Amino acid sequence: MDRTEKLLMGIENVLSIAAELVDEVSRLKEVEEECRILKEKLFLKQFTKSEKEVFALALDGHSTSEMQEILFKEKSTIRMQRRSILQKLNVSSMEEAVDKFQKIS
C-alpha cells in the first residue's frame, strides 16, 4: 500500500468519525429539548389550571387588568391566583416568577 492509499484510508476514517459525531450532536440536541420540555412541565405542575392560565398570560407580559379581560374573571380572583403563584414559587413579584421559569428553559 502506497502513501496515497494510506492517506485516503485515513481521510475516510476521519469522515466516518465526523459523521458519527454529527449524528451524536443531533441526538443530544433532541435529548436537551426533551429535558427542557420535562422541566417546564414539572415547573407548571405545581399550579392549578387557573393559575396556569394566569401564569401563561404573565409570561406573555399581560397585566392584571388584561388578564381579567382575557379570562373573564374578577380582578380580585386574578390577584389571588397571582399571589398563590408567587407563594408557590417563593418569589415577591410576577417578574421574578417569569424569570425563574425562563431560567429553567
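**View 1. Gln81, a buried residue of helix H4 in a predicted model.** Gln81 has a relative accessible area of 10%, and because buried means under 20% relative accessible area, this residue counts as buried. The model shown here, as in every view below, is predicted. Gln81 is found in helix H4, and, when residues up to four places away in sequence are not counted, Gln81 touches Ser50, Glu51, Val54 and Lys73.

**View 2. Helix H4 and the elements that cover its buried residues.** Helix H4 comprises residues 75-89, and its 15 residues, taken at 1.5 Å a residue, should span 21 Å, which agrees with the 21 Å that separates its end C-alpha atoms. The buried residues of H4 are Ile78, Gln81, Arg82, Ser84, Ile85, Leu86 and Leu89, and what covers them includes H1, helix H2 (49-59), H3 and H5. Just after H4 comes Asn90, which takes a positive phi of about 55°.

**View 3. The crossing of helices H3 and H4.** Two packed helices are described by the angle between their axes and the distance between the axes. For H3 and H4 the axes come within 9 Å and cross at roughly 115°, which makes H3 roughly perpendicular to H4. The crossing of these two helices is right-handed. On the H3 side, the contact is made by Thr64, Ser65, Met67, Gln68 and Leu71, and on the H4 side by Lys75, Ile78, Arg79 and Arg82. By residue class, the contact of H3 with H4 divides into 3 nonpolar, 3 polar and 3 charged residues. Of the H4 residues in this contact, Ile78 and Arg82 are also listed among the buried residues of that helix.

**View 4. The packing of helix H1 against helix H5.** The axes of helix H1 (residues 3-45) and helix H5 (residues 94-104) come within 9 Å and cross at roughly 150°, and this angle makes H1 roughly antiparallel to H5. H1 contributes Arg36, Lys39, Glu40, Phe43 and Leu44 to the contact, while H5 contributes Ala97, Lys100, Phe101 and Ile104. The residues of this contact divide into 5 nonpolar and 4 charged, with no polar residue.

View 5. Most residues other than glycine have a negative phi. Phe72, although it is not a glycine, has a positive phi of about 55°, and it lies in the loop between helix H3 (64-71) and helix H4 (75-89). With a relative accessible area of 77%, Phe72 is exposed. Asn90 is likewise a residue other than glycine with a positive phi, near 55°, and its place is in the loop between H4 and H5. At a relative accessible area of 70%, Asn90 is exposed as well.

View 6. The C-alpha atoms of Ser63 and Met94 are separated by 9.9 Å, although the two residues are 31 residues apart along the chain.

Definitions and conventions: Residues numbered from 1 in each chain as written. Predicted model: local features only at pLDDT ≥ 70, side-chain atom pairs only at ≥ 80, totals over all residues. Heavy atoms only, no water. Axes fitted to C-alpha atoms, helices over the stretch in contact; angles between N-to-C directions. Helix = DSSP H or I, 4+ residues; strand = E, 2+ residues; numbered from the N terminus. Parallel < 35°, antiparallel > 145°, perpendicular 65-115°, else oblique. Contact = heavy atoms within 4.5 Å. Nonpolar A, V, L, I, M, F, W, Y, C, P; charged D, E, K, R; others polar. Buried < 20%, exposed > 50% of the residue type's maximum accessible area, 1.4 Å probe, protein only. Left-handed = near helix turned anticlockwise from the far one by under 90°. Expected span 1.5 Å × (residues − 1).
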